[in-house]
Amino acid sequence: MAKPITALLFDFDGTLLDTNELIIQTFQYVLNTHYPGKYERIDILPFLGPTLHETFDSVDPEKTEELIEEYRAWNKSMHDELSSEFDGVSETLRLLKTAGMKMAIVSTKRKDMVMRGLGLLDAEGVFDVIIGMDDVSKTKPDPEPILLALDLLGVNADEALMIGDNYHDIVGGQNAGVRTAGVAWSAKGEAFLQTFNPDYMLQHISDLLQLVNRVEQ
């Protein structure tokens, strides 16, 4: 029998905070400025999840830094207007905290922008650890940020669950030796996430309340 889950590691964008429209519109703004008509909305979906360096290196490596700067400026200016929590997130996080769960955010986003996004949730004091891309040398799906979160939380991998909306989260969790859960509200779709064989698939964030209380995991 597997150990009970005592720690929850969450991706942030697309998992807790609905920034999908913000991210897509930011890419549309930047890419349409430089490459008019080349990138449709469907072409941008694969850019949700990887770091900006990875994405813009694949677009035009000679312009990566310029494109990142433009992306961050527009994204920051529209952040609060185009972001909102997914249904039930704040309430569920508070209930999980009350139940004694240790919780962390493990994101491929810069930590300052994660903190800004947290300000849009009613979840102050919920997270024990917050890992951004600037806290590590390698991002998900490399296990480094997940292992760092486990170390800071003081828990073993077999006690933790990584929750996310992208393959980086599922594969990263598997690489770190933790159990994994995909979220059915992923912009890329539940079927896409299932191809990476997560241990669980959440239909709603509140599914975690039953999941962590199971006698057998």
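1. A residue is called buried here when its relative accessible area is under 20%, exposed when over 50%, and partly exposed in between (1.4 Å probe, protein chains only). By that rule, F27 and Y71 are both buried. This is a predicted model, in which local features need pLDDT of at least 70 and side-chain atom pairs count only at pLDDT 80 or more, while totals for chains, interfaces and linings use all residues. Residues are numbered from 1 along each chain as its sequence is written, and side-chain values use heavy atoms, with hydrogens and water left out.

2. F27 and Y71 make a tilted pair, because their centres are 4.8 Å apart and their planes stand at 55°. F27 belongs to helix α1 (residues 20-34) and Y71 to helix α4, so this pair ties together parts 44 residues apart in sequence. Helices are DSSP runs (H or I, at least four residues), numbered from the N terminus.

3. Do look at Y29 and W74 too: they form a stacked pair, 5.4 Å centre to centre with 20° between the planes. Y29 is in helix α1 and W74 in helix α4, so parts 45 residues apart in sequence are tied together. Y29 is partly exposed at 41% relative accessible area, whereas W74, at 18%, counts as buried.

4. One aromatic cluster is also worth a view: F27, Y35, Y39, F47, F56 and Y71 form it.

Notes: Rings of Phe, Tyr and Trp (its six-membered ring) pair if their centres lie within 6.5 Å; planes under 30 degrees apart count as stacked, over 60 as edge-to-face and the rest as tilted. Helices (H or I, at least four residues) and strands (E, at least two) are DSSP runs, numbered from the N terminus.
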